[in-house]
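Good morning, colleagues. Please have the sequence and the coordinates open as I speak.

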Amino acid sequence: MPGGPLEGLLVADFSRVLAGPYATMLLADMGAEVIKVEGPQGDETRTWMPPVRDDVSTYYLGINRGKRSIALDLRDEADAELGRELARRADVLIENFKPGGLAKYGLDHPSVSAANPRVIYASITGFGSGDGRHVPGYDLMVQAISGLMSLTGDPDGPPYRAGISVFDVMAGNHAVIGILAALRHRDATGQGQLVEVNLLSSALTGLVNHSSAFVAGGVVPFRMGNAHPSVFPYEPLPTADNDLIVAAANDGQFRRLCEVLGLPEVPDDPRFARNADRTRNREELRPILLERLRTRAAVEWFDLLVAAGVPCGPINTIDGGFAMAERFGLDPVVVVGDVPTTRHPIRFSETPAVYKLPPPELDEHGDELRAWLKEDRG
């Protein structure tokens with residue numbers, strides 16, 4: 001079996017909680033050797049429970065497979081020296097301490113790169129290493145500060161957070177992209193570099209059309225419930241039993257929607273002929289669609305509309321989402337050791353993802369890693 005596209009890459013993971021561990025799990029899935037460095041108390045997510053599996057936090061289990069764990073108390077000089085030795089040997093170091101927090105241990109970028117010029121040093125912060133360096137970086141804060149919460153919820157209700165730590169995940173993905181790009185540069189030049197990712201910048205680029213509405217159009221968007229500001233229909237619509245997401249985002253899709261609903265004349269109505277017309281006249285169009293949608297159940301409409309090429313989907317709970325992935329042959333669950341986890345999202349034709357190790361216990365590999373770090377120094 002191939003070892004994954006990143007086989008042979010050594011990653012020193014000095015991160016904890018979500019953004020960094022998620023990034024290093026993706027790297028491990030792609031074949032990198034990831035050494036998770038934890039403090040004596042372990043990664044905070046080990047204590048984030050319930051829910052649990054065999055008394056272990058499922059939060060921790062979900063983002064830490066494929067790694068080996070060593071517990072180091074960086075306040076102890078002997079342990080700090082082992083951390084520096086790991087950094088000297090690593091191809092990639094990733095950390096999400098407060099900016100400057102690792103300098104006193106000789107594990108900041110200037111110190112590490114002086115000893116290891118080829119290292120890719122990835123730093124994840126909340127608000128950057130400049131004027132925002134003193135602000136703690138928590139996803140919920142960034143959802144509030146970035147404007148995401150102002151876009152989430154009913155127009156007349158309070159703002160809401162997203163159901164997941166969306167910007168931690170996004171920043172983790174951005175960190176992986178930055179690391180891979182920097183590795184390509186190193187392959188060409190032999191030179192390592194500093195890769196900086198911050199949650200607020202990830203958030204602002206992740207707000208995509210809403211960011212562009214403000215930056216390019218001078219428009220400050222606000223929450224519209226589940227409606228889309230620029231497209232209709234593109235929201236949940238009630239059927240005979242449950243709501244169905246309907247996303248007819250162009251004229252062809254809208255015409256096919258109307259054909260399936262038995263409304264072939266509606267797309268030729270000048271009020272609804274183009275997307276801009278439908279968006280402007282959504283309150284007139286909605287009841288016409290709802291009258292037909294209420295004649296069948298959501299799953300029935302899903303099968304009919306998807307067969308006609310109309311994007312739509314039932315609103316599932318998480319178990320339904322996994323069931324749908326199974327239906328589509330995506331095999332969404334992979335068991336690593338005896339721990340079920342979510343499959344790596346990328347498929348490679350030649351170097352498939354690998355699942356070498358289950359999430360480690362705290363310091364599970366500490367003895368062997370300490371022995372390795374103490375041998376052949378220099």
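F222 is exposed in this predicted model. As to its position, F222 belongs to the loop that runs between helix 8 (208-215) and strand 9 (234-238). Together with F214, V215 and V220, F222 makes a nonpolar surface patch of about 460 Å².

Let me now turn to the interior. Is strand 7 enclosed by the rest of the structure or open to the surface? Six of the six residues of strand 7 are buried, and therefore the strand is largely enclosed. Strand 7 runs parallel to strand 6, and four bridges join the two. Within this pairing, V92 stands opposite I120.

Next, the nonpolar cores. The largest one has 39 residues, of which V11, L27, I94 and I179 touch the most other members. Two or more residues come from each of helix 1 (19-29), strand 6 (92-95), strand 7 (120-125), helix 6 (166-189), strand 8 (193-198) and helix 7 (199-206). Helix 6 supplies the largest share, eight residues.

Which residues does L27 contact, leaving aside its neighbours within four places in sequence? They are L6, V11, A32, V176, I179 and L180. Finally, another core of 23 residues lies apart from the largest one, and its members include L285, L293, W301 and F302.

Terms used
Residues are numbered from 1 along each chain as its sequence is written. This is a predicted model: local features need pLDDT of at least 70, side-chain atom pairs count only at pLDDT 80 or more; totals for chains, interfaces and linings use all residues. Side-chain values use heavy atoms; hydrogens and water are left out. A nonpolar core is a set of buried Ala, Val, Leu, Ile, Met, Phe, Trp, Tyr and Cys residues joined through side-chain atoms within 4.5 Å. Buried means under 20% relative accessible area, exposed over 50%, partly exposed in between (1.4 Å probe, protein chains only). Contact means heavy atoms within 4.5 Å. Patches are made of residues with over 30% relative accessible area and no salt bridge: like charges are joined within 9 Å, nonpolar side chains (Val, Leu, Ile, Met, Phe, Trp, Tyr) within 5 Å. Accessible areas come from the Shrake-Rupley method with a 1.4 Å probe; for residues, only the protein chains shown count as cover. A salt bridge is a side-chain nitrogen of Lys or Arg within 4 Å of a carboxyl oxygen of Asp or Glu. Two strands pair if DSSP finds at least two bridges between them.
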